[in-house]
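Welcome! Take a moment to look over the sequence and the model, and then let us walk through some of the details together.

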Amino acid sequence: MSTTTTWRHKDLTSIERLTREEIETVHHYAAQFKQSLGRTQKKLPTLRGKTVINLFIEPSTRTRVAFEIAAKRLSADVTTIEEAASSLVKGESLRDTAEVIQALNADLIVMRHRSPGSADYLGKILNIPVINAGDGAHEHPTQALLDTFTMKERLGDLAGRKVTILGDILFSRVARSNIWALKKLGAHITLCGPATLIPESFRSLGCEITHNLRAALADADVVMLLRIQHERQASTHFPSLGEYKALYSLNEERASWLKPDAIIMHPGPVNRGVEIDSALADSKQSVILEQVTNGIVTRMAALFLCLTKANELNNAQAPAQS
Amino acid sequence: MVYHSAMHFPQVDSKSLDAALEKLARELKSYLEPKPRAALVGIANGGITLAQLLAARIGGDLPVGVVNSSFHRDDVTLKLLPSNFALTDLDFEIDGATIVLVDDVFATGRTVRAALNELFDYGRPEEVCVAALVDINQKKLPLHPDFVGLSLELEPGQKVKVRLNPDEPAAHIIELEHSPA
């Protein structure tokens, strides 16, 4: 087995740009950092003296807090800026805000923004690394890294494993990033949900599409539920939440179609009773809370890799990559 | 460049390495005998096999652990870790114990400095000492090994790599390497 690790990017803005080896390098560091969670002194001195700014222009609990804890566990200083408390509400442009943050001596920016491509844009204009914490419906790379890390912890190698992603694919950056990551790791992906929420174009990414829930669940090793995004869908994509629930909600009966050792995932926040029955979300098959814990260590890995000087050395050899 | 031991260390063949290991085990055994609670902790990855071999020769169910000092190192951001790097594994009480940090090669002392920090993240040992199979006398910090199997004088820029074979002492190897500037 190869023991080579590699990271050749200034920024982490998408999974699409990462190689399989880079995804595995993040997982390797996440495993190293996970080991530190169980000890008396949880803080590592690794990023002492670095300053991380979280720029969150869209609401978030777990991603924002996980990035804050991740930075603090590595001894970086961290400050979070939310849109309502920033000069963006006074009309300052994103570019100006970001350049001010850079001028304030930040070493890295973590950004969530409603516009697809915004993290890439910042990465191009700033000298410091940018980590994408979700850009519109484009990508949420650290979510896919923590999801695949969680799957590997439970299932081992993902090559040949079957993952069913259920629900709103159309609006989901989590789905897009996971599809890229899972394909690179060799898993088979089936997308399932209302036809209006699953673009046919996803077949070109190598996904199977089905609207038959029973078939999608029967041979899955993993079922990944996605949040129904009330704030984006309005009422245009399915008639009602009740209708969605009747056809696609994961309830006790439908969960019995799953293999006994299949795992249930959800990136959160969970709409209990909509995507999944409350009891199932808390069942032994659910790894929803493990995903949250792994969100810390995966983000420690992402911060570390984007701030390591090995990355500068590698970038010097490969200037074409981001 | 990597040379086989026989070319550059005619005096250090597998037999001498094994004798060095035996010497370390003997000295540690007599040192640890009066201690109420002791453990050997191999520094990842080079010290892991050595700690196991020493524990087997010392006998008496001495606990063996691993410390990975990577994230306390002063050079952690300069290069990536290989993916087979072992995790810290200390499955015994650190508070109040005598801990022997074990490494195959003691060079500058930087590894031991980082390993001490990692160890103290897990508790407060009564006492810590350092055992190295080979001391190459390139000390850069005010730290030194307390127990040494054998001592070598190297040219500047030279390093050694030790490969211990747990099943076959005759297959132990020491290699000389020129580290890149």
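## A buried arginine between chains

Let us start with A:Arg39, which counts as buried because its relative accessibility is 4%, under the 20% cut-off. This is a predicted model. The side chain of A:Arg39 forms a salt bridge with that of B:Glu118, at 2.8 Å from N to O. A:Arg39 sits in the loop between H1 and strand S1 (51-56) of chain A, while B:Glu118 belongs to helix H4 (residues 110-120) of chain B, so this pair joins two chains. B:Glu118 also counts as buried, at 4% relative accessibility.

## Other salt bridges

Over all chains, the count comes to 25 salt bridges. One of them pairs the side chains of A:Arg114 and A:Glu83, 2.9 Å from N to O. A:Arg114 lies in the loop between S3 and H4 of chain A, and A:Glu83 in the loop between strand S2 (77-82) and helix H3 (94-103), so the pair ties together parts 31 residues apart in sequence. A:Arg114 is partly exposed, with a relative accessible area of 44%, and A:Glu83 is partly exposed at 26%.

In chain B, B:Lys23 and B:Glu27 form a salt bridge whose closest N and O atoms are 3.4 Å apart. Both residues lie in helix H2 (residues 14-32) of chain B, four residues apart, or about one turn of the helix.

## Two domains of chain A

How is chain A divided into domains? The assignment gives domain 1 (20-140 + 293-315) and domain 2 (141-291). Their C-alpha centres lie 26 Å apart, and the contact takes 29 residues from domain 1 and 31 residues from domain 2.

Between them, the two domains of chain A bury about 2,300 Å², with 54% of it on carbon and sulfur atoms. On the side of domain 1, A:Arg20, A:His27 and A:His140 supply 28% of the buried area, more than any other three residues. Three salt bridges are counted between the domains, and A:Glu153 and A:Lys34 meet in a salt bridge of 3.0 Å, N to O. There are also 21 residue pairs in polar contact across this interface. H1(A) gives the most to the side of domain 1 that touches domain 2, with eight residues.

## A closer look at A:Ser118

A:Ser118 is found in helix H4 (residues 118-125) of chain A and counts as buried at 5% relative accessibility. Its side chain reaches the backbone oxygen of A:Ser115 at 2.7 Å. Leaving out residues up to four places away in sequence, A:Ser118 touches A:Leu94, A:Met111, A:His113 and A:Asp135.

Key:
Residues are numbered from 1 along each chain as its sequence is written. Chains are lettered from A and ligands numbered from 1 in the order in which they are written. This is a predicted model: local features need pLDDT of at least 70, side-chain atom pairs count only at pLDDT 80 or more; totals for chains, interfaces and linings use all residues. Side-chain values use heavy atoms; hydrogens and water are left out. Domain bounds come from an automatic or database domain assignment. Contact means heavy atoms within 4.5 Å. Buried area is the accessible area (1.4 Å probe) that two parts lose on being put together, summed over both. A salt bridge is a side-chain nitrogen of Lys or Arg within 4 Å of a carboxyl oxygen of Asp or Glu. A polar contact is a pair of N or O atoms within 3.5 Å; within protein, one must be able to donate a hydrogen and the other to accept it, and residues adjacent in sequence count only if both atoms are side-chain atoms. Buried means under 20% relative accessible area, exposed over 50%, partly exposed in between (1.4 Å probe, protein chains only).
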